[in-house]
Amino acid sequence: MSIKERKLTCIVCPKGCDLKVEFDADGKIAEVSGFTCPRGKDYAIAECTSPVRTVTSTVRCADGAVVAVKTSKPIPKSMIFDVMMEINSVLADNNVKIGDVVIANVLGTGADIIITSNK
Amino acid sequence: MEKNNVKRADLVIIGGGPAGMSAAVAAYEKGLRDILILERDDALGGILRQCIHNGFGLHRFGEELTGPEYAYRYEKQVREYGIPFMLNTMVIDVDGNKVVTAMNRECGIFKVEAKAVILAMGCRERPKGALNIAGCRPAGIYTAGTAQKFVNMKGLMPGREVVILGSGDIGLIMARRMTLEGAKVKAVCELMPYSGGLARNIEQCLNDFDIPLLLSHTVVDIHGKERLSAVTIAKVDEGRRPIPGTETTIPCDTLLLSCGLIPENELTKASGIELDRITGGARVDGDRETDIPGIFACGNVLHVHDLVDYVSEESVIAGEAAVRYINGEKSHGMALKLVTDGKIRYTVPQRISSAEKTKVYFRVSNVYRDVKITVKAGDRVLLEKKKQKVAPGEMETVILTPDMLSSCDKDETLAFSLEDIKK
Amino acid sequence: MFDCVVIGAGVVGGLVARELTKYNLSVCIVEKDSDVAMGATRANSAIVHAGYDAKEGTLKAKLNVRGSEMMESVCSELGVKYRRNGSLVVGFNDEDAATLHSLIERGHKNGVKGLSFLEREELVRLEPNIGSTVSCALRAETGAIVCPYELCMAAVGNAMDNGCELKLGFRVEGIEEKDGVYRVSSSEETVEAKTVINCAGVYSDDIAALVGDDSFSVRPRRGEYMLLDKECGSLVGHTVFRCPSKMGKGVLVSPTVDGNLLLGPTAEDIDDKTDTSTTADGLARVASLAGNQVNGISFGKVITSFTGLRATGSTGDFIINSPKRGFINCAGIESPGLTSAPAIAVYVADMLKNDGFALEKNDSFNGTRRPSHYFRELSEDEKNEIIKQNPDYAQVICRCETVTAGEIIEAIRTNPKPTDVDGVKRRTRATMGRCQGGFCTPYIVEILAREMGVPVTDITKSGGRSYINVGKTDKGKM
């Protein structure tokens, strides 16, 4: 019986390590290799169980200008476009500053949408 | 406005992006106070202001920041230290005597006489004209950075159906950004058989959204009279020539170009500073000093970096060295010349003028696996470093220690080469 | 009702209109595009030909020589950059040398001054980068360079300053004549005039057909060009042509008045009057031919390539005639059309006079215009004086060409007014530099929108539906 495996490129840092995740017969992760730091191993496991991503975008202020935003922590990859809908439906104050929260706990993910640029 | 429109400053820094701000902060922390940053845009931060994605700062701050957040860390420092800066100020000339001519709304055209100058103007993108693609010239063709400015700074959508030529990082980042804003990115074409972008960007910007990356492909025709209506792409052979019969026409309203960055060295050239043919930036020593004493260069104006963290690191070197120069303490004891074998395309610095610890940055010309980076002085091997894989898109470094350097004759040549490791 | 309607705002139409405003005539130019200078005027070799090329006795020969003589003073009145750099026609063998001698002879018959024959030795002293296999050359001292669209914009602008009206976006679809009054109509508007001057370039046969004149046809001839960075602008001083031979005409290698190097054109007869696309083959041909004529052309420094369509008439000569009283064709104005344009304008006015139209001198006519590029040529002190009055002149928008917001706003407010990004480009050189608008396009879009009082999403690259942006992010929700 062949062992199932999955090859990944680590996105934790710019090194972009080639990762390999091997699964046992039950589909459970048996071994992770190729990482060069603990975060790489964690990434490989998360990517094969519940992948997450940080989303960055912009929100419009009441005066029409745009400011940059991000999720305060990674959110489930499957929810990227849902979170984008939320980001696109909000209108920020004209005087927002870096670090301000524009949406708290977006879609129950536990992540806030926070401002990342000053006007 | 001062009399005759002439000002003075110990250190003038041209450019208030990550390079200029890092250099300014480093110079301040070495005790220099009379610093002036000249920035052409209406805010500090440079191109990072439009790079709203995350992934910056892991090396520098140990955390993942977005571009504007990274820039803001330095802006806060500049403001806290009270380092003077002028915005909306365009430098139009730097001469060999370190007189900087600039213009802005408040002062008109004015001059600043400096003891030292740091060039930190950044880089620009290679435009369509330089690529010489045949076809029409409709609206809808932009460099990835122009599209990034429209989307992230102006809140405007340059198009809805997108093809991207070139897999540089900005192109990859814009593939994701346009997708998130509802555009359909149909393909990313890359002329070379490998991507020029970071592996992680291919993963999270293309693969996450099922955007195809077509290696060894280019755009051979552009259609549409008013607005772009389609592009024709084709496979290319090993000589990068389009292969007849492989053409496919893809309907789209936007073509984004991400085909390389060019250090912005018009001022450098005009001042008579010697440039490196490969990097497009000045030739510098370990202190990032150009061949005109007291004029330094750092960041993307010197050579194009992958990571802003390295820009900051390099700019600290330039900022601190400028202070040593102003204080009459800069050493010129050695004149080591760094040469490369072609597989290694270039090094920065290109020469070393003191036996202090020196980090040498370099890029390779192709993807090589299982190689050994070797630095030799004559027959003596100073350093060997093994790498599983090196690629043009990823800058490499080696560190030359004071021990290694002081073992060299003062005008010796250091040869950088890449050799296969037999398995 | 106008006295004259000029169809087509190219360099011929512009100079004809300006010439007519020297008389007490009401003049209107109608132009199908969103700006002036959008046809052959926009993309050609930018050369003032000396006049040895056209066959003696033709209208081309006569108007070329006369136009070449007029050009310098017309440019100086209109504030248009003109440089008498001289031209060279280079030959590669004895056969070419013979051809060059016969061109000199023809030039003398046409009345061209300053022609001489150079052997290689002398030629190399004059142009050190001349191609290694070039053996001889014809030198024409009166050859010159000029910016054709700048000349056209200045001519139209000066005509407007003297009372001429300009209607853009006016595509002529019908012309009716009744009792000496012409009704010229687009799908939306009709103008009436006593006379019509057809300066419609590649479309001039279609316009003539509207009054029943099908005596000639005009076919577009595609010419592809490459423009190189200013770094290469001094590779040659003269305009370098290839001697016409069995091997074809070659291309020209020439500095431009703005300091770039221009290579081209190819010559390919096509059918589509709107096809200004470049081709991989054409550009490769330009590169290879230019490389024979001049050494050291750095093709890595190409900043843009483009195609122009020359209006090639079916008769081989310029077609300037009056098929019907009050209707004058200026058709088939191919090379040397730019050179001839000032002379064509005078020729047309004379035709009207000869046809019995009253042309009285307009005493208030002012033929001078401030150069559109005056600001960049001022001294630092003079610039600072202007900046004190208006700080916009210290705010650099285009970094590569150092064009300020003040210059851009002034161009947007000056006749003929641009309404799109390319229009601003042709007037100010903004976006024309090395980065080709990468940095400044977003700012120009904002300035145009503000000046025109329209949303930024309405701004186009070049009129029509050539929108720069298709909408706002987050679907424009505000």
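Colleague: In β23(C), which residue is the bridge partner of B:M157?

Modeller: The partner of B:M157 there is C:G471. Bear in mind that this is a predicted model.

Colleague: How many bridges join strand β11 of chain B to β23(C), and do the strands run parallel or antiparallel?

Modeller: Strands count as paired if there are at least two bridges between them. Here β11, residues 156-157 of chain B, is joined to β23(C) by two bridges, and the strands run antiparallel.

Colleague: Now the wider interface. How many residues of chain C are in contact with chain B?

Modeller: Contact is judged by C-beta atoms that lie within 7 Å. By that rule, 44 residues of chain C meet 41 residues of chain B. Elements of chain C that each supply at least two residues to this side include α7 (280-293), β18 (302-313) and α12 (441-452). β23 (471-472) is also one of them.

Colleague: What kinds of residues make up the side of chain C that touches chain B?

Modeller: That side divides into 21 polar, 16 nonpolar and seven charged residues.

Colleague: Turning to chain A, which elements does chain A have, and in what order?

Modeller: Chain A has ten strands and two helices. Read from the N terminus, the order is β-β-β-α-β-β-β-β-α-β-β-β.

Colleague: What radius of gyration does chain A have, against that of a compact globule?

Modeller: A compact globule of 119 residues would come out near 14 Å, whereas chain A has 18 Å. The C-alpha trace of chain A spans about 60 × 25 × 20 Å along its principal axes.

Colleague: What share of chain A counts as buried?

Modeller: Of its 119 residues, 34% are counted as buried.

Notes. Residues are numbered from 1 along each chain as its sequence is written. Chains are lettered from A and ligands numbered from 1 in the order in which they are written. This is a predicted model: local features need pLDDT of at least 70, side-chain atom pairs count only at pLDDT 80 or more; totals for chains, interfaces and linings use all residues. Helices (H or I, at least four residues) and strands (E, at least two) are DSSP runs, numbered from the N terminus. The radius of gyration is taken over C-alpha atoms; the globule rule is 2.2 Å times the number of residues to the power 0.38. A residue is buried if 20 or more other C-beta atoms lie within 10 Å of its own, exposed if 12 or fewer, and partly exposed in between; C-beta atoms are placed from the backbone. Two residues are in contact if their C-beta atoms, placed from the backbone, lie within 7 Å. Ala, Val, Leu, Ile, Met, Phe, Trp, Tyr, Cys and Pro count as nonpolar, Asp, Glu, Lys and Arg as charged, and the others, Gly among them, as polar.
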